[in-house]
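The sequence and structure are shown first.

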Amino acid sequence: MSTTSFPAPDHSPRLREALLAADFTVDGLLDLLGAPAYAALARSETVPALRATRGDTPLETLVRLFLLQRPVPAERARAALPLAQCLDDGWVVESGAAVASTEGGTAGGEVGALVMATVDVRPYGGPDGEDWFIVSDLGCAVGGASGSIGHGEGVVLGVGGASTTLAGLTVRAPVVSALDVGTGSGIQALHAAQHATRVSATDLNPRALLCARLTLALSGAPAADLYEGSLFEPVGDETYDLIVSNPPFVISPGARLTYRDGGMGGDDLCRTLVQETGDRLADGGYAHFLANWQHVEGEEWQDRLRSWVPRGCDAWIVQREVQDVTQYAELWLRDSGDHRADPEAYAARYDAWLDEFDARRTKAVGFGWITLRKSGSERPSVVVEEWPHPVEQPLGETVRAHFERQDYLRAHDDAALLTAHFALAPEVVQEQVGLPGAEDPEHVVLRQNRGMRRATKVDTIAAGFAGVCDGSLSAGRILDAIAQLVGEDPVRLRDRTPQAIRLLVEEGFLLPVEAPGA
């Protein structure tokens with residue numbers, strides 16, 4: 001579909017009313033389809049949903065029209081939508097044929113014109129129960145499963161795992177200005193509109209800006225300032241309190257698919273995005289990205305990422321997954337549908353990917369999250385870690401708390417830590433590991449049941465210290481009591497324990513609290 005034939009948002013409020021009246025929502029879909037068919041739809045498998053929508057209710061009509069992209073009789077569409085207006089605005093078009101319906105649901109079938117959707121409209125639940133709608137290209141509501149190359153290089157994807165992950169990571173504090181770089185169908189801009197006074201969004205693909213505008217309008221959100229162009233180019237030197245981006249981070253030979261391929265060599269697009277953010281982030285502001293990065297022979301991947309962090313910014317970088325270059329190439333060749341092409345053409349493309357990796361001495365590719373905070377500190381906190389284990393989304397509050405703890409540790413030397421008061425985080429439990437019947441455990445593990453769900457091995461001194469921390473006593477007084485119990489020199493214990501305290505605070509097992517009476 002050309003950009004000139006995209007639907008107009010002018011009458012989106014009336015269409016939104018019709019969708020809500022039919023219960024075309026996340027909850028409505030789950031009730032209609034059932035959990036298995038609903039989950040299959042998220043995998044771009046439509047057969048179970050087709051079987052569940054053989055009736056003629058308005059909700060079934062809307063599911064077939066906007067989610068399954070099947071033609072429906074005009075009379076059924078008229079019962080579910082303000083059809084004349086939707087035709088005028090371009091949300092649906094007549095299929096051109098006047099035939100008996102084969103979609104079922106009416107005795108003897110219907111005879112008349114059929115209408116088809118021009119875009120995919122997918123219900124999406126907001127964090128506080130809002131009923132939103134994400135507009136994307138037909139057949140592209142979920143990325144990575146259907147082979148999107150058939151839709152052209154300018155395809156606009158809808159909701160996927162990457163976009164919901166980024167939305168869950170973002171710190172949701174009230175801000176004046178927010179920027180969504182590479183907005184796509186506008187999911188991040190939609191979230192930002194709930195807590196930002198002004199939202200801007202950029203994208204190299206003009207189709208994406210049209211989809212984002214429709215997503216905001218159909219979801220009842222304020223309009224955003226939309227700019228066509230690459231990365232920060234369209235917004236100049238403007239600064240923002242919040243910057244988010246789910247960029248085209250795939251490391252590929254060339255830039256064949258705009259929605260995923262960065263068009264720069266290797267991981268240069270992600271590096272450029274992160275480095276240029278430093279000048280666009282207002283003091284105290286946050287920036288959140290998803291990214292891929294190369295694991296290069298003879299280079300530590302952690303050092304590579306530390307070099308990306310702009311001056312004046314704290315950073316928390318988490319590697320969630322690593323794939324060797326063959327796995328990575330196969331993943332994205334399947335994403336674009338190349339595996340269904342001529343075997344020789346597929347082999348040639350596969351070979352080109354491996355040539356690209358060989359030329360860059362890339363042995364693997366990492367995927368993860370990058371969060372920046374503009375602190376202006378001369379001693380920035382840059383934490384780069386690998387954490388492939390399950391986490392609990394949303395993580396925005398966990399991210400905010402991480403940087404607050406970094407501020408605390410930066411302001412407190414070891415002596416200050418010993419005079420400070422701490423409390424064990426409420427979700428932390430202790431596990432003792434050892435042989436059955438043994439008098440003492442081999443080691444002790446502290447485990448979080450919320451947020452990052454971390455686990456860390458500690459010695460018996462650290463475990464005892466953490467267990468006593470309830471905010472009533474300073475760290476130094478607790479250590480003195482422990483030294484007396486275990487018969488250890490309290491001075492030596494005070495000297496060697498602050499490092500353990502610092503680690504437990506950094507990872508969120510211990511929380512700084514005000515001293516009683518302070």
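## Surroundings of His-421

Not counting residues up to four places away in sequence, His-421 touches Gly-471, Ser-472, Leu-473, Ser-474, Leu-511, Pro-512, Val-513, Ala-515 and Pro-516. The model is a predicted one.

His-421 belongs to strand β14, which spans residues 421–424. With a relative accessible area of 11%, His-421 falls under the 20% cut-off and is therefore buried. Its side chain reaches the backbone oxygen of Gly-471 at 3.0 Å.

## Nonpolar cores

The largest nonpolar core has 71 residues, and Ile-243, Ile-370 and Leu-372 have the most contacts inside it. Strand β10 (residues 281–296) gives the most to this core, seven residues.

Neighbours within four places in sequence aside, the contacts of Ile-370 are Val-274, Ala-287, His-288, Phe-289, Ala-291, Trp-293, Trp-308, Trp-316 and Ile-317.

## Helix α1

Helix α1 covers residues 12–21, and its buried residues are Ser-12, Leu-15, Arg-16, Ala-18 and Leu-19. Viewed down the axis of α1, these fall within an arc of 160 degrees, so they line one face of the helix. An α-helix has 3.6 residues a turn, so residues three or four places apart point the same way. Glu-17 and Ala-21, on the other side of α1, are exposed.

The buried residues of α1 are covered by elements including α5 (58–67), α6 (74–80), α7 (83–89), β4 (120–125), β5 (131–136) and α10 (206–218). After α1 comes Asp-23, with a positive phi near 65 degrees.

Notes. Residues numbered from 1 in each chain as written. Predicted model: local features only at pLDDT ≥ 70, side-chain atom pairs only at ≥ 80, totals over all residues. Heavy atoms only, no water. Buried < 20%, exposed > 50% of the residue type's maximum accessible area, 1.4 Å probe, protein only. Helix = DSSP H or I, 4+ residues; strand = E, 2+ residues; numbered from the N terminus. Arc of directions from axis to C-beta. Contact = heavy atoms within 4.5 Å. Core = buried A, V, L, I, M, F, W, Y, C linked by side-chain atoms within 4.5 Å. Polar contact = N/O pair within 3.5 Å; in protein donor to acceptor, adjacent residues only side chain to side chain.
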